[in-house]
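Okay everyone, thanks for coming.

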Amino acid sequence: MAVYELIAAADDGSTAAADPNHEAFSVVADSNEGEHLPAHRDLERGSGKSIAPLDKAEFAPLKRAPRLVSLDVFRGLTVALMIFVDNAGSYFPAINHSPWDGVTLADFVMPFFLFIVGVALAVTCKRVTNKAIATQKVILRATKLFVVGLVVQGGYFHGLYDLTYGVNILRIRWMGVLQRIAIAYLLAAICEIWLKGDQDVHSGYSLVQRHRLQLLVGLALTTIYMVLLYGLHVPDWEYQVPVPGITLRTFSVKCAVRGDTGPACNAAGMIDRRVFGIQHLHRHPAYGRIEQCSVNSPATGPLPPDAPSWCQAPFDPEGLLSSMMAIVTCLIGLQFGHVIIHFKDHKERIVQWMIASFCLLALAFSLDFYDIPNQLELVIFGVGMHMNKALYTPSYTCITAGTAGVMFTGVYVLVDIYGYRKPTLVMEWLGTHALMVYILLGCNIFPLFAQGFYLREPENNILKVIGIS
């Protein structure tokens, strides 16, 4: 799921290479000296500079500094976490996606990917010589990733036990994980290309000043999100599901409310139904596992006799409104990446990251802790907003981004400072091939391939031997 694998470098050098560390530390320009100096590894410096003797400096080749391996390792850890929760979540509901309010282990996967996309963007867009060309390339790459997401999650490839392919365009799912990453990458990249100041950075405050326009974009997105979520009126609505013996059965959902954040009557679902059409949304949302909708809650199970009418309704957890806050997560990661660019000492980087991470965590618990019944106060003060992945609430944004910051700092210390490379080689490989791994998993390529080899009858294949088919 690593977006940078689809972000190839421009041949003319208008943007940085696809590798998030390409030339990130190999040549560092000193704003006071106006010349490039070769960099070398230094455990006390993030990207130290050494000056060659004057008689050799002119002819000395520029050396590429070591990769910032922590980017790949963190991404690989996220891929491994995704694989783990996808396969173990059905057996251990406690780590599966939260049915509605609250967060579980699985709920950290998507924000971690968005966070690391932002970190990598700060490095890849460190030097942009032609903003117009860079913007064109960003749009093209985001479009490619969006299309890949349509193929992987749009319904083209069916389930593990239904090894077929093809999708009815009238029912294709337009949004998904890769589509959300593409949208967040596009907006964050445009912000990095066009909304970057030129002030010198010598402290955390000056870093904020240099990138204040990007922070204002994040604040504006959060404000718009809250106004729409709590301000839009959600009318009654209905949907249809196929029922054995009946072609379609219609269910009516009574709402006529404003500011509701439950599964049935929230503004996020209404916007997606209006924009995409209910037939293009995710057909098996996580809230089908809540106590009202499943006798085996928090696991999947039959409907209770008194189940509400909305339990089988489609809902997209990667919808339009919630994607606004996903962009904010990517922008937060972008600011963490700026620390890599502007602070060269390891200690300075760690301090900046940890301050930001703990502030995010404190804000998350503050937003989630209080429960104010007055919706006006709720919108004004922003408290009582529970952590919710499906709605991607601000408290969820802060808790996941803060956790990502702490984990990334830990990986950076272990891998890039102390050099623990061998124990993390597998994670590094997963990180550098994350998109390929995600596609193989999402498209069920392995079971499709394994089913092609059988003994006498198609049913006697490898999948039957290992107990899948």
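This is a predicted model: local features need pLDDT of at least 70, side-chain atom pairs count only at pLDDT 80 or more; totals for chains, interfaces and linings use all residues.

I'll go from the overall fold to the core, then a helix, a histidine and some salt bridges.

The chain has 16 helices and seven strands. Of its 469 residues, 48% are buried. If you take contacts between residues at least 6 apart in sequence, 71% of them join residues at least 24 apart. The accessible surface is about 22,700 Å², and carbon and sulfur atoms account for 63% of that.

So, the inside. The largest nonpolar core has 107 residues, and V119, L121, I181, W310 and F408 are the ones with the most contacts within it. Which helix gives the most to this core? That's helix 9, residues 320-342, with 13 residues. And if you click on L121, leaving aside neighbours within four places in sequence, you'll see it touching Y185, A188, A189, E192 and L334.

Just past the end of helix 14, N444 has a positive phi, about 55°.

Now H211, sitting in the loop between helix 6 and helix 7. Is H211 buried or exposed? Buried, because its relative accessibility is 0%. Beyond its neighbours within four places in sequence, H211 contacts K196, Q335, H338 and H342.

Last stop, the salt bridges; there are six in the structure. R75 pairs with D72, with 3.1 Å between the closest N and O atoms. Both are in helix 2, three residues apart, which is about one turn, and both are buried.

Compare R173 with E318, where the closest N and O atoms are 2.6 Å apart. This pair ties together distant parts of the chain: R173 is in the loop between helix 4 and helix 5, and E318 is in the loop between helix 8 and helix 9, 145 residues away. R173 counts as buried at 9% relative accessible area, and E318 is buried too, at 5%.

Then there's E428 with R421, at 3.2 Å from N to O. E428 is buried at 13%, while R421 is partly exposed at 34%. And shared partners join R173, D316, E318 and K389 into one salt-bridge network.

That's my tour, happy to take questions.

How values were computed: Residues are numbered from 1 along each chain as its sequence is written. Side-chain values use heavy atoms; hydrogens and water are left out. Helices (H or I, at least four residues) and strands (E, at least two) are DSSP runs, numbered from the N terminus. Buried means under 20% relative accessible area, exposed over 50%, partly exposed in between (1.4 Å probe, protein chains only). Contact means heavy atoms within 4.5 Å. Accessible areas come from the Shrake-Rupley method with a 1.4 Å probe; for residues, only the protein chains shown count as cover. A nonpolar core is a set of buried Ala, Val, Leu, Ile, Met, Phe, Trp, Tyr and Cys residues joined through side-chain atoms within 4.5 Å. A salt bridge is a side-chain nitrogen of Lys or Arg within 4 Å of a carboxyl oxygen of Asp or Glu.
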